[in-house]
Amino acid sequence: MAQSKTELMAVLAVMKKYNLKGTEELLKKEAGLADIPENVAGEAEVNSVLAAYKSEGDPDIYENSYMELRKFVEESLDIYKHELALILYPVLVHMYIELVYNNHEVQAKKLITQFGPEQEYYYQDELAKLAMVTKRDEMSGNDITDTFKSNAFTIRISRDTLSLLKRHLHEKKASVILNIVNEHMYFDLYEGVARNKAQCDATSGAMTGEAKRQDNKIKVYYGLLKEPDVQTLVAAPPEEDDDMDPDAPDKPKKKKPKKDPLFSKKSKSDPNAPPLDRIPLPKLKDVDKMEKIKALRESTKRVNLGPELLPSICMYTLLNANHTVTCADFCEDSSLLSVGFTDSSIKVWSMTPMKLREMKSAEHLKEIDRDAEDVLIRMLDDRKAETCRTLLGHSGPVYRTSFAPDRTMLLSCSEDCTIRLWSLHTWTCVVVYKGHQYPVWDVRFSPHGHYFVSCSHDRTARLWATDSYQPLRVFAGHLSDVDVCIFHPNSNYVATGSSDRTVRLWDVCVGNHHRLLTGHKAPIYSLAFSMCGRYLASGSADNRVLIWDLAHGHLIAALTGHTASIHSICFSRDGTILGTGGLDCALKLWDFTKLVDDISGENVNVSHNPDVRDGEPYLLRTFPTKQSPFLTLHFTRRNLLLGVGMYELGV
């Protein structure tokens with residue numbers, strides 16, 4: 001108590017020295033020191049209180065403090081060394097920021113030049129951007145400085161390792177580092193043995209460190225929704241008449257109608273599925289139900305894939321399109337292909353003999369019988385049918401297109417900051433959605449229709465409904481561009497991948513993130529959910545595909561082998577095979593069933609992430625293209641794998 005009173009008196013003396021009367025009186029009143037005589041605190045007390053701040057202002061102390069910390073990490077026992085090494089990068093960044101803020105440009109430059117190159121390779125781009133900030137007024141608006149000033153750097157660390165670090169800092173009286181550790185770092189403590197290098201590397205790499213375990217504790221309903229009953233629309237097969245059979249006179253005349261084998265299996269409700277009324281989903285029309293029946297019938301003819309039976313692959317190569325094509329997308333039943341271009345146009349091709357028809361004019365529509373069963377077919381004009389349609393309206397490159405599940409609409413997003421909804425009956429733009437302030441990188445329809453999600457350079461993803469001009473949810477939390485977004489198969493969640501090297505899973509019901517997944521070392525450009533909904537695959541510019549278990553938020557496998565960014569990922573319709581396509585002009589097929597079987601036997605309820613499996617044992621085959629990087633991959637309902645790429649000279 002006496003010490004704190006002395007310090008308070010020293011602060012009052014400083015205020016008096018600089019003639020801060022108003023603040024001095026206010027502090028006296030709040031601290032109950034109104035009756036204290038003047039000049040109680042001497043010069044010695046004032047100097048002792050300010051000593052720490054003075055030492056931090058001394059620019060030469062920073063370099064020595066960092067060298068001492070680095071030496072301590074290097075000389076630590078191997079069991080603690082790898083976790084301790086995680087603090088070197090954030091300490092270096094904050095030291096640089098403090099030096100620049102205090103106008104010590106020469107020392108700041110020397111610090112980052114000397115110790116920057118020895119940091120991990122995935123931090124080098126950020127350090128290069130940071131080194132460009134050399135004056136205090138350049139700090140505001142800089143991504144790196146803003147991120148580090150407003151977010152604590154998270155490190156998952158064992159209690160023993162943290163105790164060792166704190167003891168060292170207190171013994172050395174390293175006030176510079178102690179202040180950085182206390183103010184700008186968050187230690188996610190766990191009990192148990194410290195992690196080895198492989199475990200530390202597996203989850204490090206994001207802009208602000210690792211995910212806290214608390215980030216991944218909320219329950220996620222990753223199960224699939226129960227399929228709606230569509231059997232009522234199927235006419236029962238005609239009864240067989242045995243009257244004319246001379247060999248069976250004693251048999252009963254009536255025979256029970258055969259059950260359609262398609263509906264003999266009742267769909268079980270998934271215990272991990274969300275309640276059906278958790279989010280409002282559009283009601284199925286009869287047309288939608290008939291489409292589901294058609295999909296079910298096609299699925300009975302599906303090829304069951306496996307290591308011994310790989311899918312047939314059909315590759316569509318776009319010629320004379322070097323540096324002009326930006327994206328490609330197939331509709332769910334593989335009958336339509338859309339391609340976006342840098343000149344702001346979109347082309348839609350029919351992949352079947354059925355041409356793309358246009359709706360009749362208003363005058364001709366008046367003559368149609370509205371009550372007819374085939375009214376939609378009658379509304380379309382066969383005379384204007386074409387194999388390819390062009391959609392014009394954007395004023396910048398088109399970065400993504402997405403078909404509605406019923407194939408009546410198409411979404412597109414562009415550099416012009418807008419999202420457009422196109423009618424595939426009239427082949428015109430029907431809605432322009434404005435909300436993002438910067439280019440929109442990705443847009444995807446919900447598997448159930450009605451809803452769609454977009455993501456942008458403005459660091460947000462947004463949930464929309466086709467019948468609303470305003471977004472329903474704004475998913476904010478990423479620290480850099482949100483490059484890719486995708487709906488979960490049950491439409492209750494949205495996954496996003498960002499240039500901040502994290503993947504987040506957002507709950508569309510409440511708008512919060514329920515999973516924060518760290519481990520990528522570069523921006524994330526592709527995402528895909530497994531057929532069961534439990535696993536998420538993410539592809540990145542670090543040339544790896546990471547597999548995540550959404551039940552626990554754990555990284556379970558890292559699939560390596562690509563030599564360039566991975567921009568397309570797709571699961572087979574039966575969930576057995578994972579296909580990945582990259583800018584290295586290679587398609588790789590992975591045995592996902594074997595991976596899941598190997599994982600299911602492990603105990604994942606551990607204090608920190610389990611060991612991450614290497615992908616090499618699961619690689620089934622690699623298919624190279626000649627010179628065509630992959631834009632998209634798509635498995636048809638019968639498990640034929642379709643790919644789209646553009647021929648590039650000199651790849």
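**Close-up views of a predicted model**

**View 1. Leu516 in strand 21.** L516 is located in strand 21, which spans residues 513-518. The structure shown here and in the following views is a predicted model. With a relative accessibility of 11%, L516 is classed as buried, because buried residues are those under 20% relative accessible area.

**View 2**

**View 3. The crossing of helix 4 and helix 10.** Two packed helices are described by the angle between their axes and the distance between the axes. Here the axes of helix 4 and helix 10 (residues 159-172) come within 12 Å and cross at roughly 140 degrees. Helix 4 is therefore oblique to helix 10. The crossing in which helix 4 passes helix 10 is right-handed.

View 4. Side chains of opposite charge can pair when their charged atoms come close. D78 and K81 form a salt bridge through their side chains, with an N to O distance of 3.4 Å. The two residues are three positions apart in helix 5, so about one helical turn separates D78 from K81. D78 is exposed, at 55% relative accessible area, whereas K81 is partly exposed, at 24%.

**View 5. A salt bridge between E126 and R501.** The side chains of E126 and R501 are joined by a salt bridge of 2.7 Å, N to O. E126 is in helix 8 (residues 124-131) and R501 is in the loop between strand 19 (493-498) and strand 20 (502-507), so this pair ties together parts that lie 375 residues apart in sequence. Both E126 and R501 are buried.

View 6. D201 and K197 are linked by a side-chain salt bridge of 3.5 Å, N to O. These residues are four apart in helix 12 (residues 197-203), so D201 and K197 are separated by about one helical turn. D201 is partly exposed, at 28% relative accessibility, and K197 is also partly exposed, at 42%. Elsewhere, salt bridges with shared partners connect E291, E298, E332, D333, R407, R573, R637 and R638 into one network. The whole structure contains 25 salt bridges.

How values were computed: Residues numbered from 1 in each chain as written. Predicted model: local features only at pLDDT ≥ 70, side-chain atom pairs only at ≥ 80, totals over all residues. Heavy atoms only, no water. Axes fitted to C-alpha atoms, helices over the stretch in contact; angles between N-to-C directions. Parallel < 35°, antiparallel > 145°, perpendicular 65-115°, else oblique. Left-handed = near helix turned anticlockwise from the far one by under 90°. Buried < 20%, exposed > 50% of the residue type's maximum accessible area, 1.4 Å probe, protein only. Salt bridge = Lys/Arg side-chain N within 4 Å of Asp/Glu carboxyl O.
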